[in-house]
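Student: I have a structure to study. Can we go through it step by step?

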Amino acid sequence: MTYDEALNIIIKKQSLGIKPGLNRIKALLSLMDNPQDKLKIIHIAGTNGKGTVAKTVADALQLNGLKVGLFSSPWIVDYREQLQINSEYIPENVFAEYVSLYSNNDCTEFELLTAIMYKYFADCGVDYAVVECGMGGREDATNVEKRNLAVITAVSLDHTDFLGNKVEEIAAEKSGVLRKECACILYPNKGLENIFRDKCKKLVCVEEQGGIRNNNLATVNAVLSELGFDAVSSLSLIPARLERLNGILLDGGHNPSAAETLAPVINNEVALIGMMSDKDVRTYLSLIAPKCKRIIAVKPNNSRAMSAEDLAKIAAEFCDDVRISQSPETAVRDNRDITLICGSFYLIRQIRKLIV
């Protein structure tokens with residue numbers, strides 16, 4: 001099986017959608033001889049900051065001479081960036097071999113990818129597997145290990161159709177990755193501590209540092225301290241998370257908490273914005289649109305995407321100059337003065353190559 005054939009097989013599983021529950025992946029992992037039980041896992045859940053915290057922890061451990069697996073999503077540049085060991089993507093032929101061996105089942109795309117991740121990391125003998133939760137925690141496909149160091153980043157409203165309409169309900173879902181005999185590092189989620197406290201052996205509550213990025217860094221350093229390593233002074237850079245590329249700021253964050261992080265670093269922007277219709281679009285735009293002198297609304301190539309017309313209508317409540325483009329690609333070609341692209345990882349994935 002070639003890599004392209006394998007990629008086509010796993011992407012076709014997107015048609016199965018999101019199916020919370022662990023029965024399918026546990027059955028597959030059993031066929032693999034439960035590789036997750038052979039790993040030291042740092043399991044990271046939360047609404048915002050998971051990817052940045054995961055990447056920074058993995059980079060720090062690698063700098064200490066360890067062999068570190070990193071599982072993080074969504075992908076932006078290459079599908080294989082979701083499975084890395086010491087910052088190297090899983091080789092194409094290895095990925096194809098795993099898909100050939102393990103794809104004949106009813107697992108969803110994310111479940112199959114997660115199982116392959118655990119098998120790959122175990123086969124390669126990593127010292128640590130840094131695993132970013134996909135959605136929620138309790139019923140997320142990654143939540144299959146017996147022991148871990150759990151990490152909870154900032155918790156806010158997102159994926160409410162699956163996780164609940166209150167922050168407390170969402171926090172309870174994310175607390176499902178905690179283990180009774182293991183420790184948990186908790187980002188400064190004020191008022192939510194008791195949801196996590198009784199579900200682990202030791203709860204390390206990170207002190208408020210002022211600002212989401214400072215809190216993320218403090219959370220990383222609490223993880224490193226728990227593992228016996230020195231602190232780091234900065235967060236790692238990853239695609240589409242406050243990434244500056246050829247003079248354009250790219251940020252795929254799509255909820256109000258992400259907007260709160262982005263808003264302080266932008267001003268008077270020409271923004272290309274596309275969002276999914278199941279997000280809190282109005283609140284997001286209320287924070288971002290007033291800091292834009294012009295907005296070009298587009299519809300990303302995704303079945304859940306909001307139409308450019310509907311997005312423009314909401315954006316016009318907060319910005320005087322809102323326009324519509326037929327496609328993200330057209331917008332990039334016709335508007336050479338764009339300084340910000342935001343609102344969706346799918347949007348950035350679609351057009352990042354044009355910017356490069």
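This is a predicted model: local features need pLDDT of at least 70, side-chain atom pairs count only at pLDDT 80 or more; totals for chains, interfaces and linings use all residues.

Student: How many of the 16 residues of H5 are buried?

Tutor: A residue counts as buried when its relative accessible area is under 20%. H5 is largely enclosed by the rest of the structure, because the buried count out of its 16 residues is 12.

Student: How far does H5 reach from its first C-alpha to its last?

Tutor: H5 covers residues 109-124. At 1.5 Å a residue, 22 Å is expected. The model comes close to that, with a reach of 22 Å.

Student: Which residue just after H5 takes a positive phi?

Tutor: Look at the position that follows the helix. Phi there is about 65°. The residue is Gly125.

Student: Now helix H3. How many of its 14 residues are buried?

Tutor: H3 runs over residues 50-63 and reaches 20 Å, close to the 20 Å expected. Its buried residues include Lys50, Asp59 and Leu61. H3 is mostly covered, and the buried count is 12.

Student: What covers the buried residues of H3?

Tutor: The cover includes both strands and a helix. Among the strands are E1, E2, E3, E5 (128-132) and E6 (149-152). The helix named in the cover is H9.

Student: Which residue just after H3 has a positive phi?

Tutor: Again, look at the position that follows the helix. The angle is about 85°. The residue is Gly65.

Student: What is the phi of Asp33, which is not a glycine?

Tutor: Asp33 sits in the loop between helix H2 (23-31) and strand E1 (41-45). Its phi is positive, at about 70°.

Student: Where does Leu242 lie?

Tutor: Leu242 is another residue to check for its backbone angle. Phi is near 50°, a positive value in a residue other than glycine. Leu242 lies in the loop between helix H9 (212-227) and strand E9 (243-245).

Student: Is the peptide bond from Ser73 to Pro74 cis or trans?

Tutor: Find Pro74 in the loop between strand E2 (68-71) and strand E3 (83-85). Omega of the bond from Ser73 is near 0°. The bond is cis.

Student: Is Arg336 buried or exposed?

Tutor: Arg336 is in the loop between helix H13 (328-334) and strand E14 (340-342). Exposed means over 50% relative accessible area. Arg336 has 74% relative accessibility, so it counts as exposed.

Student: How far apart in space are Arg336 and Leu39?

Tutor: In sequence, they are 297 residues apart. In space, C-alpha to C-alpha, the distance is 48 Å.

Student: Let's step back. What is the radius of gyration of the protein chain?

Tutor: The chain has 14 helices and 14 strands. Its C-alpha trace spans about 55 × 50 × 35 Å along the principal axes. With 356 residues, a compact globule would have a radius near 21 Å. The chain agrees with that, at 20 Å.

Student: How far apart are the mean positions of the positive and negative charges?

Tutor: The chain has 41 positive and 45 negative charges. Take the mean position of each set. The two are apart by 1 Å.

How values were computed:
Residues are numbered from 1 along each chain as its sequence is written. Side-chain values use heavy atoms; hydrogens and water are left out. Helices (H or I, at least four residues) and strands (E, at least two) are DSSP runs, numbered from the N terminus. The radius of gyration is taken over C-alpha atoms; the globule rule is 2.2 Å times the number of residues to the power 0.38. Lys and Arg count as positive and Asp and Glu as negative; His and the chain ends are not counted. The place of a charge is taken as NZ of Lys, CZ of Arg, CG of Asp or CD of Glu. The expected span of a helix is 1.5 Å times one less than its number of residues. Buried means under 20% relative accessible area, exposed over 50%, partly exposed in between (1.4 Å probe, protein chains only). Contact means heavy atoms within 4.5 Å.
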